[in-house]
Amino acid sequence: MSCPIELNGRNFSLHYTINALCELEEMTGRGLDQLLKTSFSSIRGLLWCGIRHQMPELTIVEAGNMLEKHLEKGGTLEQIANAVCAALEDAGFFHPGEAGKHPPSP
């Protein structure tokens with residue numbers, strides 16, 4: 001399952017798999033529960049993890065640049081956080097409404 005998101009005039013679908021989340025956890029040293037409660041780097045990492053299925057060569061720095069451009073154009077972190085939570089629920093990592101209890105907050 002995936003969740004649509006529009007970033008900087010481009011449409012993406014956030015899609016989370018066990019392997020993608022394991023890679024993010026290994027890279028950051030933080031579990032998913034911690035990633036949902038922490039910082040800008042968490043939002044950047046979760047965005048990167050969710051769109052790599054469409055852009056396998058995307059680096060985490062490039063994901064950060066996409067996020068920064070989104071904010072510069074008037075987008076919000078809340079939009080990203082809500083889409084991430086919805087996609088994690090769609091993927092079955094949380095029961096409906098559970099992921100939103102701990103949205104990423106910078």
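Me: Leaving aside its neighbours within four places in sequence, which residues is H70 in contact with?
Reply: With those neighbours set aside, H70 is in contact with E6, L7, N8, G75, T76, Q79 and I80. Contact means heavy atoms within 4.5 Å. This is a predicted model, in which local features need pLDDT of at least 70 and side-chain atom pairs count only at pLDDT 80 or more, while totals for chains, interfaces and linings use all residues. Residues are numbered from 1 along each chain as its sequence is written, and side-chain values use heavy atoms, with hydrogens and water left out.

Me: Where is H70 placed, and is H70 buried or exposed?
Reply: H70 belongs to helix 4. H70 counts as buried because its relative accessibility is 8%. Buried means under 20% relative accessible area, exposed means over 50%, and partly exposed lies in between (1.4 Å probe, protein chains only).

Me: How many helices and strands are there in the protein?
Reply: The protein has 5 helices and 2 strands, in the order β-β-α-α-α-α-α from the N terminus. Helices (H or I, at least four residues) and strands (E, at least two) are DSSP runs, numbered from the N terminus.

Me: How do strand 1 and strand 2 pair?
Reply: They pair in the antiparallel sense over 5 bridges; pairing requires that DSSP find at least two bridges between two strands. F12 in strand 2 is the bridge partner of I5, and R10 in strand 2 stands opposite L7.

Me: Which residues of strand 1 are on the covered face?
Reply: C3, I5 and L7 are on the covered face of strand 1, whereas P4 and E6 are on the uncovered one.

Me: How far is P4 from A86 in space?
Reply: P4 and A86 are 9.5 Å apart, C-alpha to C-alpha, although 82 residues separate them in sequence. A86 lies in helix 5 and is partly exposed, with a relative accessible area of 29%.

Me: Turning to helix 1, which of its residues are buried?
Reply: A20, L21 and L24 are buried in helix 1. These residues are on the same side of helix 1 because they cover an arc of only 95° around the axis. The arc is that of the directions from the helix axis to the C-beta atoms. On the other side of helix 1, I18, N19 and E26 are exposed.

Me: What do the buried residues of helix 1 pack against?
Reply: They pack against helix 2, helix 3 and helix 5.

Me: Which residues touch the most other members of the largest nonpolar core?
Reply: L14, Y16, L46 and L88 do, in a core of 30 residues. Strand 1 (3-7), strand 2 (10-14), helix 1 (18-28), helix 2 (32-35), helix 3 (40-51), helix 4 (60-72) and helix 5 (77-90) each give two or more residues to this core. A nonpolar core is a set of buried Ala, Val, Leu, Ile, Met, Phe, Trp, Tyr and Cys residues joined through side-chain atoms within 4.5 Å.

Me: How many salt bridges does a search of the whole structure find?
Reply: The search finds 1 salt bridge, where the term denotes a side-chain nitrogen of Lys or Arg within 4 Å of a carboxyl oxygen of Asp or Glu. E23 forms a salt bridge with R52, and their closest N and O atoms are 3.0 Å apart. The pair links distant parts of the chain, with E23 in helix 1 and R52, 29 residues apart from it, in the loop between helix 3 and helix 4.

Me: What is the relative accessibility of E23 and of R52?
Reply: E23 has 36% relative accessibility and counts as partly exposed; R52, at 22%, also counts as partly exposed.

Me: Finally, what percentage of the residues in the protein is buried?
Reply: Of the 106 residues, 42% are buried. Among contacts between residues at least 6 apart in sequence, 57% join residues at least 24 apart.
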